[in-house]
Number of protein chains: 2
Amino acid sequence: MQPEHYRSGQNIFKEGEPGNKMYVVKEGEVELSVHGKLAVSIGKGGIFGEMVLIDSKPRSATAIAKTDCDLGPIDEARFLELVHQKPSFALEVMKVLVERLRLMDERT
Amino acid sequence: MQPEHYRSGQNIFKEGEPGNKMYVVKEGEVELSVHGKLAVSIGKGGIFGEMVLIDSKPRSATAIAKTDCDLGPIDEARFLELVHQKPSFALEVMKVLVERLRLMDERT
């Protein structure tokens, strides 16, 4: 899929919106916030936005480009292809989800 | 792996302990609590304890048998085998993690 470019401060997606793709950060940094609070910062090589591909519910967070960014979008078809062909990708997605769960556990 | 049986009220694992397996609930119901607060109830067909297999950190929750339970343990070798051979298993684990993340988002 075509890479997407965002300028610093630009909105990538908003909490509560429907969504149909996740992103790999190719360059730059992205900030995710939940209920208006900064949740996590995602740098080069990191992924975000994967939750909508897993449960088809609205975006759980707002994503904003913290710096100018190049993002690699992954839609549902490509996501399923990767899960089927690259178990390491599935494990990476699980790791990201577990990291966020642990982070939230620490905050509660 | 051999199924494990727990009596109602029995401890399966405790928050902060190391762990090396996840469980599928074959019969009965299991309660997970985090920092002493009930987090989620897992019924027949549900899975829990998967986080230690993904990031090798200590248990993030305490698991107690709410009723008499039959559990199917899955160790790391079997977990990796399943992720490689059954993409549907990987997707199921992701779904469970996302469900818990959404639940925690709602509570924050």
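Which residue forms a salt bridge with A:Glu29? In this predicted model, the partner is A:Lys66, and the closest N and O atoms of the two residues are 3.8 Å apart. The pair links distant parts of the chain, since A:Glu29 lies in the loop between β3 and β4 (30–34) of chain A and A:Lys66 in the loop between β7 (62–65) and β8 (69–75) of chain A, 37 residues apart. A:Glu29 counts as partly exposed because its relative accessibility is 27%, and A:Lys66, at 40%, likewise counts as partly exposed. Salt bridges that share partners join A:Glu29, A:Glu31 and A:Lys66 into one network.

Over all chains, the structure holds 14 salt bridges. One of them, between A:Glu81 and A:Arg78, has an N to O distance of 2.5 Å, and both residues lie in helix α2 of chain A, three residues apart, or about one turn of the helix. A:Glu81 is partly exposed, with a relative accessible area of 36%, and A:Arg78 is partly exposed at 35%. In chain B, a salt bridge connects B:Glu4 with B:Lys21, the closest N and O atoms being 2.7 Å apart; this pair links strand β1 (residues 4–6), which holds B:Glu4, to strand β3, which holds B:Lys21, 17 residues apart. With a relative accessible area of 16%, B:Glu4 is buried, because the limit for that class is under 20%.

Between chain B and chain A, about 2,800 Å² is buried, 75% of it on carbon and sulfur atoms. B:Met94, B:Leu101 and B:Arg102 supply 24% of the area that chain B buries against chain A, more than any other three residues. In terms of contacts, 28 residues of chain B meet 28 residues of chain A. The two chains are joined by two salt bridges, including that between the side chains of A:Arg102 and B:Asp55, at 2.8 Å from N to O. On the side of chain B that touches chain A, α1, α2 and α3 of chain B each supply at least two residues, and α3(B) gives the most, with 13 residues. By class, this side has 17 nonpolar, four polar and seven charged residues.

The largest nonpolar core has 42 residues, and those with the most contacts inside it are A:Phe79, A:Met94, A:Leu97, B:Phe79, B:Met94 and B:Leu97. In each of chains A and B, β3 (21–27), α1 (51–55), α2 (76–85) and α3 (87–107) each supply at least two residues of this core. Leaving aside its neighbours within four places in sequence, B:Phe79 is in contact with residues of both chains, among them A:Leu91, A:Met94, B:Met22 and B:Phe89.

Methods: Residues numbered from 1 in each chain as written. Chains lettered and ligands numbered in written order. Predicted model: local features only at pLDDT ≥ 70, side-chain atom pairs only at ≥ 80, totals over all residues. Heavy atoms only, no water. Core = buried A, V, L, I, M, F, W, Y, C linked by side-chain atoms within 4.5 Å. Buried < 20%, exposed > 50% of the residue type's maximum accessible area, 1.4 Å probe, protein only. Helix = DSSP H or I, 4+ residues; strand = E, 2+ residues; numbered from the N terminus. Contact = heavy atoms within 4.5 Å. Buried area = accessible area lost by both parts, 1.4 Å probe. Salt bridge = Lys/Arg side-chain N within 4 Å of Asp/Glu carboxyl O. Nonpolar A, V, L, I, M, F, W, Y, C, P; charged D, E, K, R; others polar.
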